[in-house]
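Let's walk through a model together, one feature at a time. Have a look first, then we'll talk.

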Amino acid sequence: MNTLHVNIVTPDGEVYDGDIRMVVAKTISGEIGVLPHHVPLVTPLDISILKLRHEDGGRTLIAISGGFMEVRQDTVTVLAETAEQADKVDYDRAAAAKVRAERRLQDTKLSELEFKRAELSLKRAVNRLSLKDYGRD
């Protein structure tokens, strides 16, 4: 078998289920590529774009906001906090979230926790918006 079965799930339900050639994911320690027959592993994922490469050369891009990836022989399961395929992202909403987070970060009275939350909000919004750029390469 030269494909991986990939299942991406969030608390809201399944986002992707299908067979692909390769998964490229950003873990908290760096980027990883997973091909069929990969060594089993479980790794935490960073806020990033998950890239699924198809047998026909096409690809599916999914914005995730962290989570975990489990790899077993020819199966990859991603448990993500949130996950959105490029064609499902509301870019206007993501841009508004980015502006709100940037404004919030300028507040000098934020507690450390509030600052960290605003930073993560900004990172998630920028990640979702970056899906537009991937369509150009």
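**Reading the model, feature by feature**

Q: Where does H37 lie?
A: H37 sits in the loop between β4 (30-34) and β5 (41-53). Phi of H37 is near 70°, a positive value in a residue other than glycine. Helices (H or I, at least four residues) and strands (E, at least two) are DSSP runs, numbered from the N terminus.

Q: Before we go on, what kind of model is this?
A: It's a predicted model: local features need pLDDT of at least 70, side-chain atom pairs count only at pLDDT 80 or more, and totals for chains, interfaces and linings use all residues. Residues are numbered from 1 along each chain as its sequence is written, and side-chain values use heavy atoms, with hydrogens and water left out.

Q: How many helices and strands does the chain have?
A: Two helices and eight strands, and along the sequence they follow the pattern β-β-β-β-β-β-β-β-α-α. The C-alpha trace spans about 55 × 30 × 25 Å along its principal axes.

Q: How do I read a helix pair?
A: Two packed helices are described by the angle between their axes and the distance between the axes. Axes here are lines fitted to C-alpha atoms, for helices over the stretch in contact, with angles running from 0 to 180 degrees between N-to-C directions. In this chain, the axes of α1 (residues 91-105) and α2 (residues 112-134) come within 8 Å and cross at roughly 150°. The two helices are therefore roughly antiparallel to each other (angles under 35 degrees count as roughly parallel, over 145 as roughly antiparallel, 65 to 115 as roughly perpendicular and the rest as oblique).

Q: Which residues make the contact?
A: Contact means heavy atoms within 4.5 Å. Among those involved are Y91, A94 and L105 of α1, and F115, A125 and L129 of α2. By class, the contact has 13 nonpolar, one polar and eight charged residues (Ala, Val, Leu, Ile, Met, Phe, Trp, Tyr, Cys and Pro count as nonpolar, Asp, Glu, Lys and Arg as charged, and the others, Gly among them, as polar).

Q: Is A94 buried or exposed?
A: Buried means under 20% relative accessible area, exposed over 50%, partly exposed in between (1.4 Å probe, protein chains only). A94, in helix α1, has a relative accessible area of 0%, so it is buried. Leaving aside neighbours within four places in sequence, A94 is in contact with A125, R128 and L129.

Q: What about T27, over in strand β3?
A: T27 is in β3 (residues 22-27) and counts as buried, at 6% relative accessibility. The T27 side chain reaches the backbone oxygen of G30 at 2.6 Å. Not counting residues up to four places away in sequence, T27 touches I32, T43, P44, L45 and D46.

Q: How far apart are V71 and M22?
A: They are 49 residues apart in sequence and 12 Å apart in space, C-alpha to C-alpha. V71 belongs to strand β6 (residues 59-72) and is buried, with a relative accessible area of 1%.

Q: And for the chain as a whole, what share is buried?
A: Buried residues make up 42% of the 137 residues.

Definitions and conventions:
A polar contact is a pair of N or O atoms within 3.5 Å; within protein, one must be able to donate a hydrogen and the other to accept it, and residues adjacent in sequence count only if both atoms are side-chain atoms.
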